[in-house]
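These are my notebook entries on a structure that is new to me. I set down what I looked up, in the order in which I looked.

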Amino acid sequence: MTAQFDINQVYQQFPALQQNCNGQPLVYLDSAATAQKPLAVIETIQQYYSGHNANVHRGSHSLTASATAKFEQARQTVQQFIHAQHSCEIIWTRGATEALNLIAQTYARQTLQPGDEILVSELEHHANIVPWQIVAEQTGANVVKIPMLPDCTLDMDAFHQLLTNKTKIVAIAHITNVTGTRNPIEAITTAAHHYNAVVVVDGAQGIVHETVDVQTLDADFYVFSGHKLYAPAGIGVLYGKKALLEVMPPWHGGGKMVEKVSFSGTTFSALPGKFEAGTPNVAGSLALATAIEWLESLDRHGAEQHIAQLRQKAIEGISEIDDLRIIGLQEHASLFSFVVDGVHHQDIATLLDQQGIALRAGHHCAHPMLDALGLTGTLRVSLALYNTEQDVERFIAALHKACSLL
Amino acid sequence: MTDATLPQHPFGTEITANDIVEQMQAANGWEDRYRTVIQLGKKLPALPETFKHEELKVSGCESQVWLAHDKQDGQFHFMADSDSRIVRGLITLVLAAYEGKNAEEIRAFDIDTYFEQLGLIAHLSPSRGNGLKAIVEQIKTLAN
């Protein structure tokens, strides 16, 4: 039984939040870009390099054996966290971006034929667009856009119409990064599988705010980064169904991903080693496992309720500002984007920064979506479980001040 | 350059770099400084649409910035515009520093010290998205 969510207790665990920015206490509202790290995660990294550092899966001394055991335990922690069937379905990557590129350059590059189609939603950030464009160029396949509706949700009618026997891959965010739209992944996988297309789910945002069960979602691939999930940058996860991963060719060549190397031919390791060439980011894997354990030790439902209350308060507090428009407001999102008509988003961000408020202004690496909305940028408030009511009050007051100065 | 004439602005003539340094040093705190910058931006006439084309766009800015210039008898006349109010204000500070100068004077002008005096040196950092650094670099390139 986990204790009820206690914001004061959680807030204290984030040293990066206890600092001043431009002479005022930092209000960090950019967690969808990257989250701050709890002490437990920071300590894991420190402890690893202070006492456990060794290369994994090679040599035969005690330190490497212990590091290898922890490394594989971390893989199991991730497996359980996303409810994967096998731990060998968890491949360590540098992040979601690398995982998407891995799928594009192995599964997609091997499978796609000229004229085949990759359906990519208009709501995606660039990491889930560009790898598909690259592999389309290499194979003669086509990237086809699934449009969004004016309310920033996916046009499911269009999706169903676009699905054909030519569709081989559907690439879709679990939760999007500009508006926090939760895509109907379950309906998408069901429909796509009817045409034998595989579904690649970008979980960069979704993993943070939902309990993910890859088997219920029936995702063929699910990827995410550690750094948005309170873990360090440089570690991420590619989940793939075992049957798919097994037949995929390797991507990067090097040590650890081979069984036998000779100049007459090389045989490759079994999963997951086949996709993990070279010395991995062991500290990152361990720290990601710590972040997951830390998160699961909390009342996650309570945490999401806390975030929802803060978001509601923020929206109510800024709603009467002249010419302010919230873009594609989603009911259960942890973030929202807004613009103030006639005022450049960068100007508002600059004046918020002067008041110690950190948020994201710009295109959020989602040019196609912003083009569809006819915008060059938005301001995005993204909340995490460590944000406080005071953060939101400070943001509301600071935004009023910024708008009055402009 | 295009055939249209650049609009006149008061910076570097009616409002000199020294005037601006004085005004900014009298400003009290960040709010007052930004208010001053934004007010100065309001005195900058809009750049006619004919000048707002790709060639005159300054790259490296979060907002759109255009920089046009004219050269008469060795003297540079600059005009710039942006869709950001703060950047428009920051542009006036740059115009006040460089307007009417010749190439040698432009090269000799110590822009870092000037922005230090204005209390805005952080805005010249290349990691800032306002593009001020890019505008200054472009002016210096023209003077080379």
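Predicted model: local features only at pLDDT ≥ 70, side-chain atom pairs only at ≥ 80, totals over all residues.

Entry 1. I found 19 residues of domain 1 of chain A in contact with 18 residues of domain 2 of chain A. I then asked which elements give two or more residues to the domain 1 side of this boundary. They are helix H12 (300-318), strand S14 (335-340), helix H14 (367-373) and strand S17 (378-382) of chain A. By class, I noted nine nonpolar, seven polar and three charged residues on the side of domain 1 that touches domain 2.

Entry 2. Domain 1 of chain A is made of two stretches, 7-30 and 299-405, while domain 2 covers 43-296. Taken over C-alpha atoms, the centres of the two domains are 29 Å apart.

Entry 3. I turned to the chain as a whole. Chain A holds 15 helices and 17 strands. Its radius of gyration is 22 Å, close to the 22 Å that the globule rule gives for 406 residues, so I record chain A as being as compact as a globular protein of that length. Along the principal axes, the C-alpha atoms of chain A fill a box of roughly 70 × 55 × 40 Å.

Entry 4. I then examined one helix pair. At what angle do helix H13 and helix H15 of chain A pack? The angle between H13 (residues 345-353) and H15 (residues 389-405) is about 125°, and their axes are 9 Å apart. H13(A) is therefore oblique to H15(A). The crossing of H13(A) past H15(A) is right-handed.

I also listed the residues that meet there. From H13(A) come A:Ile348, A:Leu351 and A:Leu352; from H15(A) come A:Ala398, A:Leu399, A:Ala402 and A:Leu405. The contact of these two helices has seven nonpolar residues, with no polar and no charged ones.

Entry 5. Lastly I looked up the contact between chain A and chain B. How many residues does each chain bring to the contact? Chain A brings nine residues and chain B brings twelve. On the chain A side, H13(A) gives the most, with four residues. The side of chain A that touches chain B divides into three nonpolar, five polar and one charged residues.

Terms used:
Residues numbered from 1 in each chain as written. Chains lettered and ligands numbered in written order. Domains from an automatic or database assignment. Contact = placed C-beta atoms within 7 Å. Nonpolar A, V, L, I, M, F, W, Y, C, P; charged D, E, K, R; others polar. Axes fitted to C-alpha atoms, helices over the stretch in contact; angles between N-to-C directions. Parallel < 35°, antiparallel > 145°, perpendicular 65-115°, else oblique. Left-handed = near helix turned anticlockwise from the far one by under 90°. Rg over C-alpha atoms; globule rule 2.2 N^0.38 Å.
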